[in-house]
2 protein chains.
Amino acid sequence: MTLGQKIRELREQSGMFQRELASKLEIGDGFLSKVENNQKTLKREHLIKISELFNCSLSELEALWIGTKLYEIIKDEQEALNALKVAEQEIKYRKQYDIL
Amino acid sequence: MTLGQKIRELREQSGMFQRELASKLEIGDGFLSKVENNQKTLKREHLIKISELFNCSLSELEALWIGTKLYEIIKDEQEALNALKVAEQEIKYRKQYDIL
DNA sequence: TTTAGACTTGACTTATTTAGGTCAAATGTA
DNA sequence: TACATTTGACCTAAATAAGTCAAGTCTAAA
């Protein structure tokens, strides 16, 4: 699940058109279309608005936002999965020793 | 293990000083110092040179190079691990359906 | 079959960030 | 002291962010 998919899902579940949601987010509808198709990214502040509008978890949206960004970076990489492991181990390592 | 750590390890194992390796990579030694401390990133082409110099796996270096970059993006994120999961699932999903 | 509305796409823009450094001064250390 | 390393300030070119807008496509219904 990408952020674009999630936003489309939320929007359609609430019976909203792109033009409506776009206007609430104060962006053009062409831009929102691209966001839903993961061709463009929203500003992070927009996630707050979305979580309020659809009453859904902001953390989840943020995980999708960052995750989709990471995916864009590695999607054509041979070493994609190993790179993810490297990053994961560093995160866990830092957590373990509580490094600030 | 980050790319910086790996490079330092390889360099020290071969008894080389920063100034020497830096010169072989055609960069300044101050810059290499920062690379080893993950404050700066090498160009990708440099990895090839390093793998030749120390006779080590290029894929491994690339995984570390990308992985360290991913880590830099998420290291201060609350949702770091979940974001990694999102990216991982997308990679695996795409693999499963062999999407080009 | 044409037309309206929803959506997608391509070309373009501008401002900000990032990449990839340099250099000199400060620090560590034998 | 001399050498290895680190750090801070600075720099430029290239890339990315975050859009706009108009034209094109798709689909249902009149």
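Student: Which helices each supply at least two residues of the surface near DNA strand D?
Tutor: In this predicted model, they are H3 of chain A together with helix H1 (3-13), helix H2 (18-25) and H3 of chain B. Helices here are DSSP runs of H or I with at least four residues, and strands are E runs of at least two, numbered from the N terminus.

Student: How are the residues and chains labelled, and what limits apply to a predicted model?
Tutor: Residues are numbered from 1 along each chain as its sequence is written, while chains are lettered from A and ligands numbered from 1 in the order in which they are written. Local features need pLDDT of at least 70, side-chain atom pairs count only at pLDDT 80 or more, and totals for chains, interfaces and linings use all residues; side-chain values use heavy atoms, with hydrogens and water left out.

Student: What does B:Arg8 do at DNA strand D, in terms of atoms?
Tutor: A polar side-chain atom of B:Arg8 lies 2.8 Å from a phosphate oxygen of DNA strand D. From the other chain, a polar backbone atom of A:Gly28 is 2.9 Å from a phosphate oxygen, and a polar side-chain atom of A:Lys34 is 3.0 Å from a base oxygen. A polar contact is a pair of N or O atoms within 3.5 Å; within protein, one must be able to donate a hydrogen and the other to accept it, and residues adjacent in sequence count only if both atoms are side-chain atoms.

Student: And DNA strand C: which residues come nearest?
Tutor: Of the 20 residues around DNA strand C, those are A:Arg8, A:Gln18, A:Ser33, A:Lys34 and B:Gly28. The side chain of A:Ser33 has a polar atom 2.9 Å from a phosphate oxygen, whereas A:Lys34 has a side-chain N or O atom 2.3 Å from a base oxygen. H3(A) gives the most to this surface, with 4 residues.

Student: What share of the atoms of DNA strand C within 4 Å of the protein belongs to sugar or phosphate?
Tutor: The share is 62%, and the rest belong to bases.

Student: New topic: how many residues of chain B are in contact with chain A?
Tutor: 32 residues of chain B are in contact with 32 residues of chain A, where contact means heavy atoms within 4.5 Å. The area buried between the two chains is about 2,900 Å², 70% of it from carbon and sulfur atoms. Buried area is the accessible area (1.4 Å probe) that two parts lose on being put together, summed over both.

Student: How many salt bridges does the rule find across the interface of chain B and chain A?
Tutor: The rule finds 2, a salt bridge being a side-chain nitrogen of Lys or Arg within 4 Å of a carboxyl oxygen of Asp or Glu. B:Glu77 and A:Arg44 meet in a salt bridge through their side chains (2.8 Å, N to O). On chain B, helix H5 (58-74) and helix H6 (80-97) are the elements that give two or more residues to the side touching chain A. H6(B) provides the largest share, 13 residues.

Student: What rotation superposes chain B on chain A?
Tutor: A rotation of 180°, with 0.0 Å of shift along its axis, superposes them (RMSD 0.0 Å). That is the relation of a two-fold axis. The same surface serves both copies, as 100% of the contact residues of chain B recur in chain A. The superposition is by least squares on the C-alpha atoms of residues with pLDDT of at least 70 in both copies.

Methods:
A residue is near a molecule or strand if one of its heavy atoms lies within 4 Å of it.
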